[in-house]
2 protein chains.
Amino acid sequence: MARVAGIKDVARQAGVSVGTVSNVINRPEAVLPETRARVLAVIEELGYVRSESARQLRAGRSRIMALLVLDMGNPFFVDVARGAERAARAAGLGVMVCNSGQSPAEEAEYLGLFAEQRVCGVLVTPADATGRNLEAFSRHHIPFVLVDRVPSSPGHCAVSVDDVRGGSLAVSHLLSAGHRSVAYVSGLGDLHQIRDRREGALSALDRAGLGPEALVEIPSDRLDVAAGRDAGARLLGLVPRPTAVFCANDLLALGVLQSLYAAGVRVPQDIAIVGYDDIEFAAAAAVPLTSVRQPAVVMGRMAAELLLQEADDEDGTHEHRSVVLQPELVVRASSTTPH
Amino acid sequence: MARVAGIKDVARQAGVSVGTVSNVINRPEAVLPETRARVLAVIEELGYVRSESARQLRAGRSRIMALLVLDMGNPFFVDVARGAERAARAAGLGVMVCNSGQSPAEEAEYLGLFAEQRVCGVLVTPADATGRNLEAFSRHHIPFVLVDRVPSSPGHCAVSVDDVRGGSLAVSHLLSAGHRSVAYVSGLGDLHQIRDRREGALSALDRAGLGPEALVEIPSDRLDVAAGRDAGARLLGLVPRPTAVFCANDLLALGVLQSLYAAGVRVPQDIAIVGYDDIEFAAAAAVPLTSVRQPAVVMGRMAAELLLQEADDEDGTHEHRSVVLQPELVVRASSTTPH
DNA sequence: CACCGGTGGTGAATCGATTCAAGCCCGGGT
DNA sequence: ACCCGGGCTTGAATCGATTCACCACCGGTG
């Protein structure tokens with residue numbers, strides 16, 4: 001007994017040709033109702049399921065869209081994925097979600113996998129600031145859209161949030177509360193978002209008449225809660241100690257908050273904190289976290305839609321677009337002096 | 001110019017047959033070094049990438065493992081995914097992660113997709129308590145492993161955590177702190193985990209000489225932070241008001257905590273809270289959360305390994321196994337009276 | 001009656017990689 | 001001189017669905 005029924009089995013059993021079975025599935029209106037009913041009955045009986053690989057082979061590409069993010073442990077990216085998945089499924093596509101873990105090597109590996117899979121497109125938040133991975137990937141002629149990143153070259157679409165403005169919003173807010181020295185807890189400098197947020201922070205300082213030395217850098221190699229705890233410990237050791245911290249994302253901010261809390265440092269009285277992303281857990285933190293909100297779901301959705309447009313474009317008339325969304329400051333207890 | 005180079009193009013360019021090219025890729029040692037070098041050079045030159053769909057078609061199944069969870073917004077499942085992905089990639093497989101959102105209909109749709117994709121196996125946390133979806137799925141002869149669920153029928157492997165014991169741990173802890181009435185915030189009753197945790201809670205009450213009426217049910221249709229906030233509001237309206245809450249997961253607990261906090265109810269003095277899962281954010285909450293820790297990463301890894309064993313099993317000698325892991329209570333401030 | 005258009009159905013070619021029986025070449029054994 | 005075996009390569013068959021040129025049939029028309 002054949003392990004799994006194929007289209008030929010259905011055709012034989014129903015007394016029609018394979019072409020007709022294919023038509024029943026893909027263009028039902030082109031088949032006489034009674035023939036169609038007979039074929040459908042056999043399909044049901046045999047439990048026939050068409051093989052994606054066979055149709056992919058024929059079509060030349062798969063009906064799967066890849067999403068490569070830095071870290072699914074970050075709820076921000078979960079929201080991006082949600083938005084992308086919704087848009088993709090509306091178009092009948094599946095989404096394959098992968099983590100590069102900020103490692104260019106893993107990113108390269110996954111891009112290779114995507115090329116083998118002949119995915120119909122890739123949504124990617126690059127881990128490799130040099131752009132070499134994507135440069136190499138482009139020879140496969142698979143469309144890709146940058147997520148949360150401005151395009152460095154015009155060869156593709158991108159959806160980003162204005163990170164310079166986000167950094168500026170955060171630091172302006174702290175300055176207007178009277179702080180004159182701000183720590184910046186960030187990842188190592190090769191991520192564009194991190195650099196842009198710093199640039200925004202510096203420009204806010206500049207507008208307030210302060211020089212770059214007013215921004216105290218506390219770099220961290222990862223962007224998660226544990227790294228935030230480390231950063232918090234280092235912050236406590238600084239002399240003089242800044243009175244405010246701006247964190248490159250909420251996970252870091254939660255970690256910093258935890259270690260300050262454990263050391264008996266009061267937030268916001270002793271040190272004010274502002275995070276970035278406004279993940280759901282920011283509001284639920286020990287001290288509700290002031291944060292720069294990013295429209296993550298919208299970003300995922302728009303990225304997927306841009307990708308679909310590019311992928312559907314037969315006649316080469318596609319014009320690459322770069323969408324920039326605006327962030328928004330959400331003020332909570334972690335940065336406002338209780339009155 | 002052909003849009004993308006195939007094995008035939010490589011063969012022609014290198015002056016060998018397609019079979020040889022295939023050998024260079026899959027059994028390099030069976031090819032003369034100089035031939036191999038020549039072929040590899042052409043592969044590099046043309047940017048050839050083998051087509052996964054073609055090899056899948058031949059092999060009959062793909063090298064992708066599916067993971068279907070209730071909700072990736074829950075960090076618990078992110079950890080499960082991490083564990084599974086690590087094990088899968090070690091075996092050279094990709095993982096496709098999907099959310100059923102606790103909807104049996106979406107679950108069915110995804111299972112259908114997996115069958116079309118001929119995935120090599122499925123890891124699933126069922127959303128459909130009736131088991132009908134998986135029952136229907138089993139006709140495709142694709143192995144699957146239940147995650148976070150005990151097997152109802154012996155036709156498959158499973159990895160679960162002892163939820164009865166988890167519920168018992170949580171409620172015993174509350175009872176030993178002097179509470180005599182405990183609210184149980186849970187999802188609607190069709191999830192097995194939810195039922196088992198309740199059963200454990202009831203058994204703990206029973207051991208303390210209390211009847212089931214001491215457990216006040218606050219059902220909720222979803223299992224996220226927002227649903228927790230709703231549940232918190234309902235909890236506040238209860239007369240008499242329980243002095244302790246056990247939540248079926250940490251997201252609910254965080255939501256409950258938020259709404260109690262907003263209403264000025266002190267935790268743990270007025271109401272004690274115990275959550276479930278011990279996600280990373282539990283420790284970072286407004287009041288650090290007591291929680292029942294589940295070995296999520298281990299569960300994902302073991303599930304993937306069981307699946308690989310079953311999938312690799314040619315000769316039908318595979319024996320289905322059901323692994324049960326033990327949970328652990330992590331006591332924090334949300335349930336301990338400050339002295 | 002010959003011709004025409006339209007409808008419903010056929011079956012072979014095709015996609016790209018794998019696999020395997022068969023062939024070739026060369027050195028060594030008899 | 002002949003045969004054997006092993007190393008290396010070939011080329012055709014195969015997987016399953018799609019696609020398309022082609023055919024059979026039927027009612028209507030000139």
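Mentor: Let us begin with the idea of contact: two residues are in contact if their C-beta atoms, placed from the backbone, lie within 7 Å. Please keep in mind that this is a predicted model.

Trainee: How many residues of chain B are in contact with chain A, and how many of chain A are involved?

Mentor: On the chain B side there are 38 residues, and they touch 37 residues of chain A. The elements of chain B that give two or more residues to this side are α4 (52–59), α5 (75–90), β2 (94–99), α6 (104–117) and α11 (250–262). The most comes from α4(B), which gives five residues. By class, the side of chain B that touches chain A has 20 nonpolar, 11 polar and seven charged residues.

Trainee: Why can one say that the copies meet through the same surface?

Mentor: Of the interface residues of chain B, 97% are also interface residues in chain A, so the two copies use the same surface to meet.

Trainee: With which residues is A:Met65 in contact, leaving aside its neighbours within four places in sequence?

Mentor: Its partners include A:Ala88, A:Leu93 and A:Val95, as well as A:Val119, A:Cys120, A:Gly121 and A:Leu123. A:Ala304 and A:Leu307 are also in contact with A:Met65.

Trainee: How does one describe the packing of two helices?

Mentor: One gives the angle and the distance between their axes, and then the residues that meet. Helix α1 (residues 7–14) of chain A packs on helix α2 (residues 18–26) of chain A at an angle of about 105°, with the axes 8 Å apart. Since angles of 65 to 115 degrees count as roughly perpendicular, α1(A) is roughly perpendicular to α2(A). From α1(A), A:Ile7, A:Lys8, A:Val10 and A:Ala11 meet A:Val18, A:Val21 and A:Ser22 of α2(A). By class, this contact has five nonpolar, one polar and one charged residues.

Trainee: At what angle do the axes of α2(A) and α3(A) cross?

Mentor: They cross at roughly 95° and come within 10 Å, α3(A) being residues 33–46 of chain A. Thus α2(A) is roughly perpendicular to α3(A). A:Thr20, A:Val21 and A:Val24 in α2(A) meet A:Thr35, A:Arg36, A:Val39 and A:Leu40 in α3(A). By class, there are four nonpolar, two polar and one charged residues in this contact.

Trainee: Is B:Val42 buried or exposed?

Mentor: A residue is buried if 20 or more other C-beta atoms lie within 10 Å of its own. B:Val42 has 21 C-beta neighbours inside 10 Å and therefore counts as buried. It lies in helix α3 (residues 33–46) of chain B. Leaving aside neighbours within four places in sequence, B:Val42 is in contact with B:Val10, B:Gln13 and B:Ala14.

Trainee: How many C-beta neighbours does B:Asp230 have inside 10 Å?

Mentor: It has 18, so B:Asp230 counts as partly exposed. Its place is in helix α10 (residues 225–237) of chain B. B:Asp230 and B:Leu252 are 22 residues apart in sequence, and their C-alpha atoms are 9.3 Å apart in space.

Trainee: Which backbone details deserve a look?

Mentor: The bond from B:Val239 to B:Pro240 is cis, with omega near -5°, and B:Pro240 is in the loop between α10 and β8 (244–247) of chain B. The bond from B:Val267 to B:Pro268 is also cis, with omega near 10°. As for phi, A:Gln102 has a positive value of about 65° although it is not a glycine. A:Gln102 sits in the loop between β2 (94–99) and α6 (104–117) of chain A.

Notes. Residues numbered from 1 in each chain as written. Chains lettered and ligands numbered in written order. Predicted model: local features only at pLDDT ≥ 70, side-chain atom pairs only at ≥ 80, totals over all residues. Axes fitted to C-alpha atoms, helices over the stretch in contact; angles between N-to-C directions. Helix = DSSP H or I, 4+ residues; strand = E, 2+ residues; numbered from the N terminus. Parallel < 35°, antiparallel > 145°, perpendicular 65-115°, else oblique. Nonpolar A, V, L, I, M, F, W, Y, C, P; charged D, E, K, R; others polar. Buried ≥ 20, exposed ≤ 12 C-beta atoms within 10 Å, placed from the backbone.
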